Number of protein chains: 2
Amino acid sequence: MAKPQRVIVVGGVAAGMSAASQVRRRRPQAAVTVLERGDHISYGACGMPYNIEDPARPIEDLVVLSVDEARSKRGIDLRLRHEVTEIDLAAGTVTAVDRAAGGERREPFDALVIATGARALRLPLPGFELPGVHVLRDLGDGAALKAALERGPRRAVVIGAGYIGMEMAHVLTARGLAVTVLERLPQLLPGWDPESVARVDEVLGAHGVERRTGVTVEAAEPGPDGRVAAVVTDAGRFEAELVLVAAGVRPNAELAAAAGLRIGDSGAIWVNQSQQASHEAVWAAGDCAEAYHRVLRRNAWVPLGTTANKQGRIAGANITGAAERFRGIVGTAGFVVFELEVARSGIGEEEARREGFDPVSVTIRQRSRAHGYPGGSPVQVRLVADRETGLLLGGEIVGREGAALRANILAAGLAAHMTVSDIQGLDLAYAPPFAPVWDPVLVAANQLAKEVAAP
Amino acid sequence: MAKPQRVIVVGGVAAGMSAASQVRRRRPQAAVTVLERGDHISYGACGMPYNIEDPARPIEDLVVLSVDEARSKRGIDLRLRHEVTEIDLAAGTVTAVDRAAGGERREPFDALVIATGARALRLPLPGFELPGVHVLRDLGDGAALKAALERGPRRAVVIGAGYIGMEMAHVLTARGLAVTVLERLPQLLPGWDPESVARVDEVLGAHGVERRTGVTVEAAEPGPDGRVAAVVTDAGRFEAELVLVAAGVRPNAELAAAAGLRIGDSGAIWVNQSQQASHEAVWAAGDCAEAYHRVLRRNAWVPLGTTANKQGRIAGANITGAAERFRGIVGTAGFVVFELEVARSGIGEEEARREGFDPVSVTIRQRSRAHGYPGGSPVQVRLVADRETGLLLGGEIVGREGAALRANILAAGLAAHMTVSDIQGLDLAYAPPFAPVWDPVLVAANQLAKEVAAP
């Protein structure tokens, strides 16, 4: 492929701006245009819950690279409020509508990066268009939620008990609201180990968060002021002046699908490990794209900011002629809810079973610091491995301190396809203020080794 | 080899008690005798500095398993104040002197575990036998130092700026003493990267610790009360009512050497990865023994509590017929000095050069938390890799929070012989309260990738 000179990037948040910056850095003579349909670029969306916790911090604090910097320092032709409506692969053009000034233009490209992200699911139920019903996906959502909190709502309902739901239950409680979390499935954090969930549930309860699982939401109801006043479910009516729908996200893959690009089984854009889509001039990265999963050994869709940044960087490098490979995800994710750090890597026991493994697991609790050292707290570690081969499949870590960073041990182990015995043999850092002589991860591995045929 | 019924363990601290307990757990009918020359068993020696920091905590808090528990619950024939003076491999006996009751006895063994530990270097210089001069190695040393602090010394000199020296500079300062650290070599923490050392040096200085490097100690001088009053060096005289010699340790390998067992180049007892010494009925574990080093790909001597526990466990298991292998160390170590966590894994740049690698390195600073998230602090990461192959050789991490646990990422990477590119590709946990979207370890790897031929 000739080295492209005209690069168009659709979407200017994490993946898109990483790709655009990487192209410019490696090939300063390339013309790089970023078409972003929103008003903001390059922000840390994952930081929104934590930003919302602090009324004094403007949401714009989350912007990593300003529009001016992107234009002047990085030399990127950055167009806000430009929505791409069509990709013509045969012609090598995109059609973009200027939502501010009006008008539409076709732009030719030698290389195209699709970084259109994902969108929050909205509930197609009566009343969910009412003022006071929010989602939290882009910076505008965050600003709107923050403004809504200034109105002084007293009660909130959070619909969905995934990462965002858990973080926001904490944040809204910290902002002084009485919070109820409603989850359709039978447990909080669907897909997580019940023992990890029990620990999270306990902490939510201790902070006064009401948790209702197995509840189907039916409608939102307005109050006399026309704003949302309650959520109606099959388990009763929950009053709230603020409702957050945190029921999941979907990849923005329609534009790619309409262009004839391959869509994976996950519904996200199929890519190879070069981040190339099914056309040699098209790359995709971030939440709209699949990612190679090193435990599943195939593509999966796990939209996260870290992956978006890495994939964008690799797409950008490869467009300029590099031969970088996205090494893949292992399913690492983490969040903080009240005083608990919660993190996982790999796949859970149920998912392992669905994938054809014969999983065994243990859950242990061990203090975060050495025997006799004051101030430690229990760290709960769950590990899952394949019975026959001893291969580590995943783990979950929950605790007050050091839990999330310990999940990185598992992330590295999964990347290297370590067995339980390999984990047992790790030479981990030890000093009484930050770890016991047998780190909780090693204690769990020692336990699990007894359950596998080939440790 | 027939399954041994009479197991003798020489030394009852970490490695010895791990081995003894493991034998009893796996083969309850085995007769296990532990001969410990001191008064204590099974204590966390690494916790001593942190225990000494708190005058209210008895040093015995560090004991993990009491003598009674070892005897009654684990069924171990535990003999304190029994010093083994000879091992006769041909006869299959040890000779032990009962230092309390007097008398000596020969005891037959089918399997022998040597877990004699290491000893603190004492300086063969005038005055170093004075009261007020201490080392910190066994629980008795800790008790003596703690008692000495009760006398209200105002000034301390710490000789040696390794891990113990650094920890004790912090602890003695916290106990209200004015502390001077004297180091013979030109820098604190010999063998560490100067940029890591600079950060530690800065923190010591901020807490009022005087640091003098390149100083040769010549003598200790008594005061009018006959206790130590000063340390005399080629750079002047340093007054101190308390002197701690933290000038290193040596393996207690003489007993093994006298029995004709192979001693490694390091001066410690040679072992294979089954923890077997050079005689099929003899195992060695802990600070008296070498350990297979996975980066150097040969035995080395890096005495640490974590290794002692693992090696003891494996020796015990193998004595009962298991076929466990000690996977090896990678040189992980960590400590806390004032508000800094300091940790390393692998080998440093100088050591890499001596070992025949062509090392390249980077040092970066990155915040511990996400962009815009309050309360983070800089984490300094140094990585060293081989230029030609891109193989990760080691790293050092220094920071206020999360530094030590991040070294575990390197420990896992080194165990798996990862390259810089492998590290770049790790799917690490990210959430604003505990990590930026590019973890400091990934930022360092991205930088270092530019320096290696085959990233």
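**Reading the interface and the salt bridges**

Tutor: The contact, meaning heavy atoms within 4.5 Å, takes 56 residues from chain A and 57 residues from chain B. This is a predicted model, in which local features need pLDDT of at least 70, side-chain atom pairs count only at pLDDT 80 or more, and totals for chains, interfaces and linings use all residues. Residues are numbered from 1 along each chain as its sequence is written, chains are lettered from A and ligands numbered from 1 in the order in which they are written, and side-chain values use heavy atoms, with hydrogens and water left out.

Student: What is the area buried between chain A and chain B?
Tutor: The size of an interface is often given as the accessible area lost when the parts come together. Buried area is the accessible area (1.4 Å probe) that two parts lose on being put together, summed over both. Here it is about 4,900 Å², with carbon and sulfur atoms giving 63%.

Student: How many salt bridges are there between chain A and chain B?
Tutor: A salt bridge is a side-chain nitrogen of Lys or Arg within 4 Å of a carboxyl oxygen of Asp or Glu. The count between the two chains is 2. R327(A) meets D422(B) in a salt bridge, at 2.4 Å from N to O.

Student: Which salt bridges does the search find within a chain, and what do they tie together?
Tutor: Over all chains, the whole structure has 62 salt bridges. In one of them, the side chains of R298(A) and E355(A) meet at 2.3 Å, N to O. R298(A) lies in strand β20 and E355(A) in the loop between α9 and β23 of chain A, so the pair ties together parts that are 57 residues apart in sequence. Helices (H or I, at least four residues) and strands (E, at least two) are DSSP runs, numbered from the N terminus.

Student: Is E396(B) buried or exposed?
Tutor: Buried means under 20% relative accessible area, exposed over 50%, and partly exposed in between (1.4 Å probe, protein chains only). E396(B) is buried, at 4% relative accessibility. Its salt-bridge partner is R344(B), with the closest N and O atoms 3.7 Å apart. R344(B) is also buried, at 10%. By contrast, R298(A) is partly exposed at 38%, and E355(A) is partly exposed at 29%.
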